[in-house]
Amino acid sequence: METKPPTRHPFHLVGLVPVAGQKLDFNFPWHDSLQPIGHNYLAVEKAVFNCALAGCKTIWIACPKDMQPLIRYRLGDYIIDPYELEKTAKFARYPDYKEIPIYYVPIHPKDRDKRDCLAWSVLHGSLTVFKIAD
């Protein structure tokens with residue numbers, strides 16, 4: 001009796017950064033994800049960088065539609081893969097950088113101020129990513 005080798009399933013690690021949610025008690029005029037945690041470095045930028053370090057092939061940010069232009073202006077549409085950057089910078093004269101795309105998932109307007117928490121934005125973002133990737 002012959003045995004078949006196991007089929008290989010493609011593995012695609014997705015990073016999901018929930019931005020929509022209830023405000024904390026910092027009482028700043030901006031959202032809590034835009035808190036500075038270093039010189040010219042925001043909390044949402046750190047979350048995206050951690051996703052890139054974890055090896056994510058795509059990064060999705062679940063945020064309200066009115067915050068998307070501000071976050072997109074700050075982050076852009078992609079981040080350079082830090083592992084490829086380190087590897088190619090050592091051996092290549094003109095390195096070819098690998099870009100990790102950043103996608104923005106809007107929170108539905110009917111969910112704002114009703115289902116407004118980080119857990120709901122994670123669930124909504126995960127469902128959106130699943131539907132698009134399927």
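1. The largest nonpolar core of this structure, which is a predicted model, has 19 residues, and those with the most contacts inside it are Ile59, Ile61 and Ile71. Helix H1 (43-54), strand E4, helix H2 and strand E6 each supply at least two residues of this core, and the largest share, 4 residues, comes from H1. In soluble globular proteins, nonpolar side chains tend to be buried together.

2. Isoleucine 59 deserves a separate entry. Leaving aside neighbours within four places in sequence, isoleucine 59 is in contact with Gly15 and Val17, with Val48, Cys51 and Ala52, with Ile79, and with Ile100, Pro101, Ile102 and Tyr103. Apart from the core of 19 residues lies another core, of 6 residues, among them Ala20, Val105, Ile107 and Val129.

3. The sheet is open and made of 4 strands, in the order E1-E4-E6-E5, with mixed pairing. E1 and strand E5 (78-80) stand at the edges, and because each has a single partner strand, one side of each is left without a neighbour in the sheet. From one strand to the next, the twist averages 25°.

4. Two of the pairings can be described in more detail. E1 and E4 pair in the parallel sense over 5 bridges, and within this arrangement valine 17 has isoleucine 61 of E4 as its bridge partner. E4 and strand E6 (residues 99-106) also pair in the parallel sense, over 5 bridges, with valine 105 in E6 as the bridge partner of alanine 62. Isoleucine 61 is also among the residues with the most contacts inside the largest nonpolar core, whereas valine 105 belongs to the other core, of 6 residues.

5. Threonine 58 is found in strand E4 (residues 58-63) and is buried, with a relative accessible area of 9%. The side chain of threonine 58 is joined to that of tryptophan 60 by a polar contact of 3.1 Å. Not counting residues up to four places away in sequence, threonine 58 touches His12, Leu13, Val14 and Gly15, together with Ile100, Pro101 and Tyr103.

6. The salt bridges come to a count of 3. Side chains of opposite charge can pair when their charged atoms come close. In one of the bridges, the side chains of arginine 74 and glutamate 45 meet at 2.8 Å, N to O; arginine 74 lies in helix H2 and glutamate 45 in helix H1, so the pair ties together parts that are 29 residues apart in sequence. Arginine 74 is partly exposed, at 33% relative accessibility, whereas glutamate 45 is buried, at 13%.

7. Another salt bridge brings together the side chains of arginine 72 and aspartate 77, at 3.2 Å from N to O. Arginine 72 counts as partly exposed, at 40% relative accessibility, and aspartate 77 also counts as partly exposed, at 45%.

8. The bridge between aspartate 81 and lysine 98 calls for some care, given that the closest N and O atoms are 4.0 Å apart and that the criterion requires them to be within 4 Å. This pair links distant parts of the chain, with aspartate 81 in the loop between E5 and helix H3 (82-91) and lysine 98 in the loop between H3 and E6, 17 residues apart. Aspartate 81 is buried, with a relative accessible area of 8%, while lysine 98 is partly exposed, at 41%.

9. A last point concerns proline 109, which is found in the loop between E6 and H4 and is exposed, with a relative accessible area of 63%. Proline 109 and lysine 65 are 44 residues apart in sequence, and their C-alpha atoms are 8.5 Å apart in space.

Definitions and conventions:
Residues numbered from 1 in each chain as written. Predicted model: local features only at pLDDT ≥ 70, side-chain atom pairs only at ≥ 80, totals over all residues. Heavy atoms only, no water. Buried < 20%, exposed > 50% of the residue type's maximum accessible area, 1.4 Å probe, protein only. Polar contact = N/O pair within 3.5 Å; in protein donor to acceptor, adjacent residues only side chain to side chain. Contact = heavy atoms within 4.5 Å. Pairing = 2+ DSSP bridges. Axes fitted to C-alpha atoms, helices over the stretch in contact; angles between N-to-C directions. Core = buried A, V, L, I, M, F, W, Y, C linked by side-chain atoms within 4.5 Å.
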